[in-house]
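Thanks for coming. Please have the sequence and the model open.

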Amino acid sequence: MERDSVNGKSSLQVEKAEEEAATPIWKIVMVASIAAGVQFGWALQLSLLTPYVQLLGIPHKFASFMWLCGPVSGMIVQPLVGYYSDNCTWRFGRRRPFIASGALLVIFAVFLIGFAADIGHAAGDRLDKTTKPRAVTVFVVGFWILDVANNMLQGPCRALLADLSGGSADKMRASNALFSFFMAVGNILGYAAGSYSHLYKVFPFSKTKACDVYCANLKSCFFISVALLLTVTTMALTFVKEQELKDAADGGEKAQKGKGVPFFGEIFGALKDLPRPMWILLLVTALNWIAWFPFLLYDTDWMAKEVYGGKVGDKLYSRGVHAGALGLMLNSVVLGFMSIGVELLARRLGGVKKLWGGVNFILAICLGMTVLVTKMAEHTRRIDPNGTVLSPTSGVKAGALVVFAVLGIPLAVTFSIPFALASIFSSNAGAGQGLSLGVLNLSIVIPQMFVSFLSGPWDAAFGGGNLPAFVVGAVSAALSGIFAMTLLPSPPRDAKVELSGGGFH
């Protein structure tokens, strides 16, 4: 294959870049809109599934292990799919076959999760038992498939946006801003659906003997999620075409014959040859996600237990979960506005490293504030004459919702700046879009595995609840901010910064 002596690109890649530079913006909008469908499902996972698994009988200290599937699939599936989508020679295109397969798997998975209680009951689970093992088994299988499918969708979607931008800096910025915007739209829709406690009435068949109101609401949310994802994916794959990648066919076959699974050799080679700034970036990113993941895992559970004082399965707990979903919706509104202004704010504050370091301190303060809000909730807890715990005071609820909303500021930066810096620091590595995302993804999923393993037992060791993991997250966020400001090199002023929104698996 011929190489361009200037930038190391093949002649085919140069020709494709010139052709795709003329891609109309409406096609980029259609592909970016898939992020709304994917993120709707993520929002439901983050807001509703941790309480749901406890309703199926899995104790709080083991609930975090359920989330290991996200990091594991993210570490293996997303970079693997990214690599093969870089080299796919199907006549339908490089990215579209993987996007279509991922969407179909998502639909199958959410039906397994939504109907887990019904399937478990039909298979022999007793309703009077706290733990429902058959329902849990179906749920776990569906949950793992869902995370694998979501990772099959995310990588190729981001890579397709880069392909359609054709090397144009303007289109790249526009596509990334649109991707982040649609992520926020998906979050808002997902959290809004999760916060509405009577959604099951739209789908009255969702409530069954084995599936109570909370379960029926989750099931109904998934019905809407499937409809949204199916609509945006079908439209994008129908109207946005790719050209068959013929030039890589022979090279791809030779690589596979010579190595068996060429991806693993390439990704380990990429890690071996990483420049020092990239290693620092991976360290700062890893600490950042050790801070984020406890809150993302237990945010609605914290709202239901510590703030509202509910217990798993009672009405107060359910109200707390819905209030937490409302907080996440506010978080997403802030995230959407902040995503559009990240690049401008970075210039105003003197660079991306200062912005990233600063918002990490905001993250640390917010995680620390969860302790204060919890203590205020306990101090002002009200009980009626019948001994029933009442909802928290308006001041406590407002304080908790402010924490959720303010966290949208650092979350927008987390979804953009690490990808931009990775693009700059590894620009000479010569890897494809999928492989580059795979390397950065390792610094996200490994911390998630660390938190999934330790947060449940850590919380249990300190008397239960979610605060111990939040405190660890606050310390990690502060360290991430310090290292970002002191160790992370500033990118060259003439570097092309391409902000890329993305999920965390």
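**Helix packing and salt bridges**

In H13, the residues Leu 283, Val 284, Leu 287, Asn 288, Ile 290, Ala 291, Pro 294, Phe 295, Tyr 298, Trp 302 and Glu 306 meet Leu 467, Ala 469, Phe 470, Gly 473, Ser 476, Ala 477, Leu 479, Ser 480, Phe 483 and Ala 484 in H20. Contact here means heavy atoms within 4.5 Å. The residues of this contact of H13 with H20 divide into 16 nonpolar, four polar and one charged. The classes are Ala, Val, Leu, Ile, Met, Phe, Trp, Tyr, Cys and Pro as nonpolar, Asp, Glu, Lys and Arg as charged, and the others, Gly among them, as polar.

Before the geometry, the ground rules. This is a predicted model, where local features need pLDDT of at least 70 and side-chain atom pairs count only at pLDDT 80 or more, while totals for chains, interfaces and linings use all residues. Residues are numbered from 1 along each chain as its sequence is written, and side-chain values use heavy atoms, with hydrogens and water left out. Helices are DSSP runs (H or I, at least four residues), numbered from the N terminus.

At what angle do H13 and H20 pack? The angle is about 150°, and the axes are 8 Å apart, with H20 covering residues 467–486. Axes are lines fitted to C-alpha atoms, for helices over the stretch in contact, and angles run from 0 to 180 degrees between N-to-C directions. H13 is therefore roughly antiparallel to H20, a label for angles over 145 degrees. The crossing of H13 and H20 is left-handed, that is, the near helix is turned anticlockwise from the far one by less than a right angle.

Now the salt bridges. The criterion is a side-chain nitrogen of Lys or Arg within 4 Å of a carboxyl oxygen of Asp or Glu. By this rule there are three salt bridges.

One joins the side chains of Asp 118 and Lys 219, at 2.6 Å from N to O. Asp 118 lies in helix H7 (residues 116–122) and Lys 219 in helix H10 (residues 213–239), so the pair ties together parts that are 101 residues apart in sequence. Are these two side chains buried or exposed? Asp 118 counts as buried at 16% relative accessibility, and Lys 219 counts as buried at 1%. The cut-offs are under 20% relative accessible area for buried, over 50% for exposed, and partly exposed in between (1.4 Å probe, protein chains only).

Asp 301 pairs with Lys 305, with the closest N and O atoms 3.7 Å apart. The two are four residues apart in H13 (residues 276–307), so about one helical turn separates them. Asp 301 is buried at 0% relative accessibility, whereas Lys 305 is partly exposed at 23%.

The remaining entry is Lys 375 with Glu 378, at 3.9 Å from N to O. They sit three residues apart in helix H15 (residues 352–379), again separated by about one helical turn. Lys 375 is partly exposed at 47% relative accessibility, and Glu 378 is partly exposed at 44%.

Last, two single residues. Ser 332 lies in helix H14 (residues 315–349) and is buried, with a relative accessible area of 0%. Which residues does Ser 332 touch, not counting those up to four places away in sequence? They are Ala 184, Asn 187, Ile 188 and Tyr 191.

Ala 192 is found in helix H9 (residues 169–195) and counts as partly exposed at 27% relative accessibility.

Methods
Parallel < 35°, antiparallel > 145°, perpendicular 65-115°, else oblique.
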